[in-house]
Structures are given as C-alpha cells and as structure tokens.
Amino acid sequence: MKIGELARQAGVGVETVRYYQRRGLLPVPERQGRACRSYSPDLVRTIRRIRLLRELGFSLDEIHALFQDEAEACRDVRIAIQRRIGTTLADLGDLRRRLDHLRAALAWFPCARDRRACGLACLTARSGVPGGSSPA
C-alpha cells in the first residue's frame, strides 16, 4: 500500500508516518525504480501501538527503546508501565501543588472589580503566593 493509505488506515496523517520514519520507529521501504514506496499492512498495527503508547504518556524515545530492545515481552512492558505510573503520580503531585498555589493566589487577590492600580503588582506583593513577598 502507499503511504497515504497506510496513514488513513492507521488514523494518522502522512506527515506523522514520515516523522515516525525519521525517528526510527518505522522502516522506510526502498523504492522499486521510479515507483512509489510500498508499505506493509503490518505497519498499521505498529502505528496504532505507537499511538496507544503515546496516549499512555510514553515519549517517542521510550517507545523507540521498547521497539529496539524487542521489549514486547509482558514483563518488560509491565515494568515500563509501572515506571510511567510513577512519573504520572509525580506529575499529578506537581499539578496539585500548582492548583493549590492558584487557589491561594485567587484567595489573596485583593479585589474582584477592575482597577487599573491593581493586577499583577497586587498579586505578587502578597505573601502566601509563590513569588510574592511580605504583605504591603
């Protein structure tokens, strides 16, 4: 099949297929003379796997490592998923702290009406807000 058909069946754009080729995730088939490249139907499944792993939060480098090391054994994939769970939990903790800081910033913000003399200057002058100093 041609690259456009491969992309369509896999649910991605042609540029995504080319990008995955540049990253070493997909092979680049040889041209047969002046003819277009012919792609294996098996690559549809590979692209779908890449997309699933991306949805699970894996970077393309991590996916490449899984493919290169032939780590498709259940044990290796489970270990990779467990690591991803750990980093996701850490990211979630960071997001929760950011949410707490945003809520604190909103609580410290001195007014709810539009005043030109207020804004970021008032926000950063308050304590209890990241980047803020002692109360004025």
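Modeller: First, a word on terms: the helices here are DSSP runs of H or I at least four residues long, numbered from the N terminus. Also, keep in mind that this is a predicted model.

An α-helix has 3.6 residues a turn, so residues three or four places apart point the same way. R18 and E15 form a salt bridge, with their closest N and O atoms 2.9 Å apart. R18 counts as partly exposed, at 36% relative accessibility.

Now for the part I'd pick, α4, which covers residues 60–68. Its buried residues are L60, I63, L66 and F67. Looking down the axis of α4, you'd find these buried residues within an arc of 120°, so they line one face of the helix. They pack against α2, α3 and α5.

Zoom in on I63. If you skip its neighbours within four places in sequence, I63 is in contact with L25, I50, L53, R54 and F58. I63 also belongs to the largest nonpolar core, which has 21 residues; V17, I47, I50 and I63 are the ones that touch the most other members. Helices α1, α2, α3 and α4 each supply at least two residues of this core, and α3 gives the most, with five.

D61 forms a salt bridge with R23, the closest N and O atoms being 2.5 Å apart. That pair links distant parts of the chain, since R23 is in the loop between α2 and α3 while D61 is in α4, 38 residues apart. D61 counts as exposed at 55% relative accessibility, whereas R23 is partly exposed at 30%.

E62 forms a salt bridge with R84, and here the closest N and O atoms are 2.6 Å apart. This one also ties distant parts of the chain together: E62 is in α4 and R84 in α5, 22 residues apart. E62 is partly exposed, with 31% relative accessibility, but R84 counts as buried because its value is 15%, and buried means under 20%.

How values were computed: Residues are numbered from 1 along each chain as its sequence is written. This is a predicted model: local features need pLDDT of at least 70, side-chain atom pairs count only at pLDDT 80 or more; totals for chains, interfaces and linings use all residues. Side-chain values use heavy atoms; hydrogens and water are left out. A nonpolar core is a set of buried Ala, Val, Leu, Ile, Met, Phe, Trp, Tyr and Cys residues joined through side-chain atoms within 4.5 Å. Buried means under 20% relative accessible area, exposed over 50%, partly exposed in between (1.4 Å probe, protein chains only). Contact means heavy atoms within 4.5 Å. The arc is that of the directions from the helix axis to the C-beta atoms. A salt bridge is a side-chain nitrogen of Lys or Arg within 4 Å of a carboxyl oxygen of Asp or Glu.
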